[in-house]
Amino acid sequence: MQETYTKESDLSRTMEQGEEKLKKAAWDVQRQLKQGQEQVQQLISQADKQLHENPWPVVAGVAVSCLFLGFIVGITRSKS
């Protein structure tokens with residue numbers, strides 16, 4: 001009987017320690033998610049600011065990309 005009581009108390013203690021570790025891990029994940037969201041918002045804000053200050057490199061990049069895409073699609077259609 002004494003041995004069963006010891007095993008139950010050990011099991012209970014182990015479960016409590018596991019629950020504490022799980023709660024700590026969940027809190028760490030939430031904190032990291034919040035930090036990640038803040039970093040993404042900062043990056044978006046910086047990109048928006050740079051785009052508004054100097055939009056021409058973006059416009060030129062989109063134009064060149066569209067030209068290349070059109071060239072590639074034109075080549076594939078002429079071969080078939």
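Some ground rules. Residues are numbered from 1 along each chain as its sequence is written, and side-chain values use heavy atoms, with hydrogens and water left out. The model is predicted: local features need pLDDT of at least 70, side-chain atom pairs count only at pLDDT 80 or more, and totals for chains, interfaces and linings use all residues.

Overall form. The protein chain has 2 helices and 0 strands; these are DSSP runs, numbered from the N terminus, with helices being H or I of at least four residues and strands E of at least two. The radius of gyration is 29 Å, well over the 12 Å that the globule rule gives for 80 residues, so the chain is more spread out than a compact globule. That radius is taken over C-alpha atoms, and the rule is 2.2 Å times the number of residues to the power 0.38. Along its principal axes, the C-alpha trace spans about 85 × 45 × 5 Å.

How much of the chain is buried? Of the 80 residues, 0%. Buried here means under 20% relative accessible area, exposed over 50%, partly exposed in between, with a 1.4 Å probe and protein chains only.

Next, helix α2, residues 56-79. Ala 60 lies there and is partly exposed at 41% relative accessibility. From Gln 30, Ala 60 is 30 residues away in sequence and 40 Å away in space, C-alpha to C-alpha. Val 58 is also found in helix α2. Its relative accessible area is 43%, which makes Val 58 partly exposed.

Now the salt bridges. Side chains of opposite charge can pair when their charged atoms come close. The cut-off: a side-chain nitrogen of Lys or Arg within 4 Å of a carboxyl oxygen of Asp or Glu. The whole structure gives 3.

Take Arg 13 with Asp 10: their closest N and O atoms are 3.0 Å apart. Both sit in helix α1, residues 2-53, and being 3 residues apart, they are separated by about one helical turn. Arg 13 is partly exposed at 45%, and Asp 10 is partly exposed at 34%.

Which residues form a network? Lys 24, Asp 28 and Arg 31 are joined by salt bridges that share partners. Lys 24 to Asp 28 is 3.5 Å between the closest N and O atoms; Asp 28 to Arg 31 is 3.5 Å as well. Lys 24 and Asp 28 are 4 residues apart in helix α1. Lys 24 is exposed at 55%, whereas Arg 31 is partly exposed at 36%.
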